[in-house]
Amino acid sequence: MSSTAGQVIKCKAAVAWEAGKPLVIEEVEVAPPEAGEVRLKILYTSLCHTDVYFWEAKGQTPLFPRIFGHEAGGIVESVGEGVTHLKPGDHALPVFTGECGECAHCKSEESNMCDLLRINTDRGVMIHDSQTRFSIKGQPIYHFVGTSTFSEYTVVHAGCVAKVNPAAPLDKICVLSCGICTGLGATVNVAKPKPGSSVAIFGLGAVGLAAAEGARISGASRIIGVDLVSSRFEEAKKFGVNEFVNPKDHDKPVQQVIAEMTNGGVDRAVECTGSIQAMVSAFECVHDGWGVAVLVGVPNKDDAFKTHPVNFLNERTLKGTFYGNYKPRTDLPSVVEKYMNGELELEKFITHTVPFSEINKAFDYMLKGESIRCIIRMGE
């Protein structure tokens with residue numbers, strides 16, 4: 001075991017004291033892991049739009065003070081009682097959802113939606129004892145989606161930690177913890193386009209670009225990017241997108257535009273925006289007989305999906321996905337290997353890097369729409 005095992009560790013963390021206010025670098029105390037938990041030393045973390053959304057307190061009952069962050073790479077410092085698949089020194093990616101290995105979902109080959117460890121954005125404490133592992137002078141600091149990676153050390157449920165190849169650079173593979181796998185898996189695991197097929201990607205943010213990368217890897221010949229911001233089209237070419245449609249440029253529904261471009265519709269569509277209009281368009285733009293549309297974006301709680309049932313009767317399929325249908329512990333190591341063997345390109349997703357002391361810059365880049373992913377170097 002490491003020399004710090006079983007002890008409280010004092011380290012730096014970026015604490016959100018209130019909604020929408022800059023994070024403050026504070027010295028926090030990080031308790032040792034309890035049964036079924038792991039304490040990680042975080043080396044690199046990246047900023048995802050979900051962090052910004054909850055920091056702005058748009059998505060939940062506000063819970064502060066809190067340590068955000070959920071895309072990261074690190075090294076296991078110590079493990080709690082009963083943890084057998086990880087040991088100190090292992091390289092690992094913490095994930096906002098998990099794999100307990102025991103529930104019906106974990107035992108099913110078709111699902112990754114673990115009953116115990118699936119994402120919970122409202123919970124700010126650990127499952128084991130409903131307590132936090134972070135504190136400042138005795139004041140509890142809340143966790144975020146079970147990961148809280150904007151801290152030099154964090155405690156995570158062992159089922160939410162994927163052990164990865166130690167040769168893989170953590171400053172690159174850390175982006176696989178959330179958005180990239182979500183988009184990539186939506187295409188390769190759920191839409192499953194065939195070589196030579198056509199794919200429409202709705203929304204060209206990080207998740208949409210990852211979905212396009214999945215289409216590229218799958219050998220799709222036509223990858224049509226759909227976005228309301230035309231300036232995103234140039235960047236998207238790096239991810240295999242070779243045709244572009246801005247719905248604002250047309251006076252008819254975008255699904256009609258795409259159907260006319262593709263002689264009846266695309267073979268696959270992946271929706272990565274959360275806009276209910278985009279979801280309906282993605283479904284209605286796929287070809288009858290074999291077309292499959294996959295929904296990735298999270299809609300507003302009052303949204304309702306409306307389409308004519310004949311669209312289903314004409315043999316179109318609509319699917320949803322969560323985290324790209326990847327089981328974190330089982331599947332993430334093989335995604336890392338796809339990067340290691342050159343099949344998956346991650347560098348192009350990383351547009352900025354900042355030292356931990358300047359973490360608020362990462363928020364600025366994302367709020368201005370300048371970054372796909374900004375890597376934050378811990379300990380600097």
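Which residues does V38 touch, not counting residues up to four places away in sequence? In this predicted model, where residues are numbered from 1 along each chain as its sequence is written, local features need pLDDT of at least 70, and side-chain atom pairs count only at pLDDT 80 or more. Totals for chains, interfaces and linings use all residues, while side-chain values use heavy atoms, with hydrogens and water left out. As for V38, its contacts (heavy atoms within 4.5 Å) are P33, V76, S78, V79, V83, L86, T154, V155, V156, A158 and V161.

V38 also turns up among the residues with the most contacts inside the largest nonpolar core, alongside F150, I173, L176, L332 and L346. A nonpolar core here is a set of buried Ala, Val, Leu, Ile, Met, Phe, Trp, Tyr and Cys residues joined through side-chain atoms within 4.5 Å. Buried means under 20% relative accessible area, exposed means over 50%, and partly exposed is in between, using a 1.4 Å probe and protein chains only. The largest core has 104 residues, and it draws at least three residues from each of domain 1 (9-177 + 346-377) and domain 2 (182-321). A second, separate core has 16 residues, including V226, V266, A282 and F283. As a bit of background, nonpolar side chains in soluble globular proteins tend to be buried together.

The two domains come from the domain assignment of the protein chain, with bounds set by an automatic or database domain assignment. Their centres, taken over C-alpha atoms, are 30 Å apart. Where they meet, 4 residues of domain 1 are in contact with 8 residues of domain 2.

Next comes strand β3 (residues 37-46). Helices (H or I, at least four residues) and strands (E, at least two) are DSSP runs, numbered from the N terminus. Of the 10 residues of β3, 7 are buried, so the strand is largely enclosed by the rest of the structure. Two strands count as paired if DSSP finds at least two bridges between them. Finally, β3 pairs with β17 (residues 373-377) in the antiparallel sense over 3 bridges, with I375 as the bridge partner of S46.

The expected span of a helix is 1.5 Å times one less than its number of residues. For the 13 residues of α10 that gives 18 Å, and the end C-alpha atoms are 18 Å apart, which agrees. Buried in α10 are P328, L332, V335, V336 and Y339. Seen down the helix axis, these buried residues fall within an arc of 105 degrees (taken from the directions from the axis to the C-beta atoms), so they line one face of α10. Their cover includes β5 (91-94), β9 (161-163), α3 (170-173) and α4 (179-191). Just after the helix, G342 takes a positive phi of about 85 degrees.

Helix α8 (residues 276-284) has its own buried set: A278, M279, V280, S281, A282 and F283. Among the elements covering them are β10, α7 (254-261) and β13 (268-271). Strand β10 (residues 198-202) holds S198, which counts as buried because its relative accessibility is 9%. S198 touches R222, G265, V266, D267 and R268, leaving aside residues up to four places away in sequence.

Most residues other than glycine have a negative phi, and most peptide bonds are trans. The peptide bond from F64 to P65, though, is cis, with omega near -5 degrees; P65 lies in the loop between α1 (49-55) and β4. K137 has a positive phi, near 50 degrees, and sits in the loop between β6 (134-136) and β7 (139-141). At 83% relative accessibility, K137 counts as exposed. N325 is not a glycine either, yet its phi is positive at about 60 degrees. Found in the loop between β15 (317-320) and α10, N325 counts as partly exposed at 28% relative accessibility.
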